[in-house]
Amino acid sequence: MRVSLVTSADCAAFGLEFFEALRYLSADNGGVSRGGYSAAEDAAHTLLANYASRNGLTVSIDEACNTWVELPGIDSSADAIVIGSHLDSVRQGGNYDGAAGVVGGLAMLFRLQDTTQLRRPVRLVAFRGEEAAWFGTCYIGSRALVGTLESEMLDAVSPEYRISLREALQEAGADLGPIEANTALSASKSIHQYFEMHIEQGPLLVAADCPVGVVTGIRGNYRYPAITWLGEAGHSGAVSRNLRHDAVLGATEWLTTVERLWIDEEVAGADLVVTAGIFSTDPMHHAVTRIPDSVRMSLDIRSVDVSTLQRVSEQAMELASQIASRRGLEVLVGERVDTEPASIDTDTVSMIYDTALGLGYPAMKLPSGAGHDAAALGAAGIPIGMIFVRNENGSHNAQEALDIDDFCVGVDVLTEVTKRAAQ
Ligand SMILES: [Zn+2]
């Protein structure tokens, strides 16, 4: 029997049923494990394809094994509106990260099928392997789609599966020709605009009591994974302050100075977050009574704006060398690893925001601190937009909690946004 999702109650019943089926197919010790290109991810894609084709929608699989579902438009030659997200998860992760956008996209297609005929075709894509947890590379399916999956990424061996990404793609039945040649797949042609609905992975929507959020941009990051501060060891009781070269005092002075820089940037209206997640003296040599001569630390600088990343990174490095030279220390900042931010144009942000308010739903604008498939498409020049749905307890853990009513609010907003974009 065909699924009809005209009312919110229909949407909630469908969502609960689909999420439960997904959980059943990939349950793992309280959470779910749907690894990229694994049997559990295959099963999730088959479930999607079966639901869609039973409902009279056309299903196809691209060369990277991403699943596509199409609702034809009045003008078959017009570029399509594409809705997407991913069906993989981290190990023992939550059931909604990624899946909420795919299930929501399918719910939207079922609703449109029964209510509206749009000028543009509308396509749903379920991407493969978005999580970096399995092969060390994120956005595998979406990068393959736009031709930006680099060959060294294909050589990466999964510690979990003990095979390379290239072998995993072959086993899944992918066509490696265009992927290895970095050629955009044919499914990536004729995309007018891409929208992604995703659970929020932070606490802002819960705190603001908003069921939905509009993403203003996807933060990129400049990461310094291995910074080393070097000083001079000595007896803690025997060296006066002015003769010390204490690596911990240098590194901590630097961090508090960087925090002041962060506050100044915030006051000036910039989007910025900074984290030193690794910070330690050498456990082989450190002691309560030893002046520390080395500190290993990391610095992760994130912003939606590439000029903020450049400015803050340059200033932070300049401050490090000033502090090091004043304290008689050496600072080795090591390699920097960059991921560019993905921008979302302000017209698209306003359109989604106005649509949510117009439907009577409280909404807020917020940046995305985590990466998404939308970033891979945005980097390839495809206009993107993103809707966040309220979710408790963050993500990448079994406690992710998406209220089904909030899921249905997300579907309502996604449907209206798609209608506007597909006219
Ligand atoms: Zn995700």
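Close-up 1. Phenylalanine 14 is buried, at 4% relative accessibility, where buried means under 20% relative accessible area, exposed over 50% and partly exposed in between (1.4 Å probe, protein chains only). Tyrosine 51 is buried as well, with a relative accessible area of 8%. Please keep in mind that this is a predicted model, in which local features need pLDDT of at least 70, side-chain atom pairs count only at pLDDT 80 or more, and totals for chains, interfaces and linings use all residues. Residues are numbered from 1 along each chain as its sequence is written, and side-chain values use heavy atoms, with hydrogens and water left out.

The structure holds 10 aromatic pairs; rings of Phe, Tyr and Trp (its six-membered ring) pair if their centres lie within 6.5 Å, and planes under 30 degrees apart count as stacked, over 60 as edge-to-face and the rest as tilted. With ring centres 5.6 Å apart and planes at 85 degrees, phenylalanine 14 and tyrosine 51 are therefore an edge-to-face pair. This pair links distant parts of the chain, 37 residues apart: phenylalanine 14 belongs to helix H1 (residues 8-26) and tyrosine 51 to helix H2 (residues 39-54). Helices (H or I, at least four residues) and strands (E, at least two) are DSSP runs, numbered from the N terminus.

**Close-up 2. The ring cluster and a charge over tyrosine 51.** Ring pairs join Phe14, Phe18, Tyr51 and Phe110 into a cluster. Over the face of tyrosine 51 lies arginine 54, at 5.2 Å from the ring centre; a charge sits over a ring if NZ of Lys or CZ of Arg is within 6 Å of the ring centre and within 35 degrees of the ring normal.

**Close-up 3. Phenylalanine 127 with tyrosine 194.** These two rings form a tilted aromatic pair, 6.3 Å centre to centre with 50 degrees between the planes. Phenylalanine 127 lies in strand E6 (residues 122-127) and tyrosine 194 in strand E7 (residues 191-199), so the pair ties together parts 67 residues apart in sequence. Phenylalanine 127 is buried, at 0% relative accessible area, and tyrosine 194 is buried, also at 0%.

**Close-up 4. The zinc site.** His86 (NE2), Asp97 (OD) and His198 (NE2) coordinate the zinc ion at 2.0 to 2.2 Å. Donors are N, O and S atoms within 2.8 Å of the metal (3.2 Å for Na, K and Ca); water is not among the atoms, so sites may look incomplete. Along the chain, the donors follow the spacing H-x10-D-x100-H. Histidine 86 is buried at 0% relative accessibility, and aspartate 97 is buried with a relative accessible area of 3%.
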